[in-house]
Amino acid sequence: MKTRILVADDTVDSADLFQAILRHCGDYDVDVAYGGEDVLKMYTSARSEERPYDLIILDLAMPFMNGFEAEERIYSAGDNATRIVFLSAHGDQMDAHRSNFSRVVARWQKPIEADTLCRLVVEA
């Protein structure tokens, strides 16, 4: 079965580029969400269909619901299996957040090189 990945970034070009890179670097089933609310809808739908995501890559600075809020809601739903990677163009956002990073498998600052993104997914 393919590894299922959800990429979330409110910048459409970035999200679509991440999706293309991930499809090229491995046999992954990659979906894209363009905001935190979309992440939760897609995450909930995938779980109810018993096709949960193995990995969610979250941009931190999304409007309406940022990556930290989405991460909290995912884990508050009782999911301790889905791995999460945070991406941000602002490293200080990750340093300042009080999240329980033990649940987050990686934190990367954008821009991120294609080979680094592929390695990140393999290591996650």
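## Secondary structure and overall make-up

The protein chain holds 5 helices and 5 strands, where helices (H or I, at least four residues) and strands (E, at least two) are DSSP runs numbered from the N terminus. Along the sequence these elements follow the pattern β-α-β-α-β-α-β-α-β-α. The model is a predicted one, in which local features need pLDDT of at least 70 and side-chain atom pairs count only at pLDDT 80 or more, whereas totals for chains, interfaces and linings use all residues. Residues are numbered from 1 along each chain as its sequence is written, and side-chain values use heavy atoms, with hydrogens and water left out.

Of the 124 residues in the protein chain, 46% are buried; buried means under 20% relative accessible area, exposed over 50%, and partly exposed in between, with a 1.4 Å probe and protein chains only. Among the contacts (heavy atoms within 4.5 Å) with a separation of 6 or more, 61% are made by residues 24 or more positions apart.

## The nonpolar cores

A nonpolar core is a set of buried Ala, Val, Leu, Ile, Met, Phe, Trp, Tyr and Cys residues joined through side-chain atoms within 4.5 Å. The largest such core has 20 residues, of which V39, I56, L58, I74, I84 and F86 touch the most other members. The elements that give two or more residues to this core are the strands β1 (3-8), β3 (55-59) and β4 (83-88), together with the helices α2 (36-48) and α3 (67-76).

I74 illustrates the packing: when residues up to four places away in sequence are not counted, I74 touches V39, L40, Y43, I56, D79 and I84. A second, separate core comprises 18 residues, including I21, Y28, I57 and L120.

## Helix α1 against helix α5

The axes of helix α1 (residues 12-25) and helix α5 (residues 114-123) come within 10 Å and cross at roughly 65 degrees; such axes are lines fitted to C-alpha atoms, for helices over the stretch in contact, and the angles run from 0 to 180 degrees between N-to-C directions. The two helices, α1 and α5, are therefore roughly perpendicular to each other, given that angles under 35 degrees count as roughly parallel, over 145 as roughly antiparallel, 65 to 115 as roughly perpendicular and the rest as oblique.

The crossing of α1 with α5 is right-handed, a term used if the near helix is turned clockwise from the far one by less than a right angle, and left-handed if anticlockwise. On the α1 side the contact is made by F18, I21, L22 and C25, and on the α5 side by A114, L117, C118 and V121. These residues divide into 8 nonpolar, no polar and no charged, with Ala, Val, Leu, Ile, Met, Phe, Trp, Tyr, Cys and Pro counted as nonpolar, Asp, Glu, Lys and Arg as charged, and the others, Gly among them, as polar.

## Loops and backbone geometry

In the loop between β5 (104-109) and α5 lies P111, and the peptide bond leading from K110 to P111 is cis, with omega near 0 degrees.

E50, in the loop between α2 and β3, has a positive phi of about 60 degrees although it is not a glycine, and at 71% relative accessibility E50 counts as exposed. F64, found in the loop between β3 and α3, likewise is not a glycine and has a positive phi, of about 70 degrees; F64 is exposed, with a relative accessible area of 78%. The loop between α3 and β4 contains A81, which counts as exposed at 65% relative accessibility. A81 and Y53 are 28 residues apart in sequence, and their C-alpha atoms are 9.2 Å apart in space.
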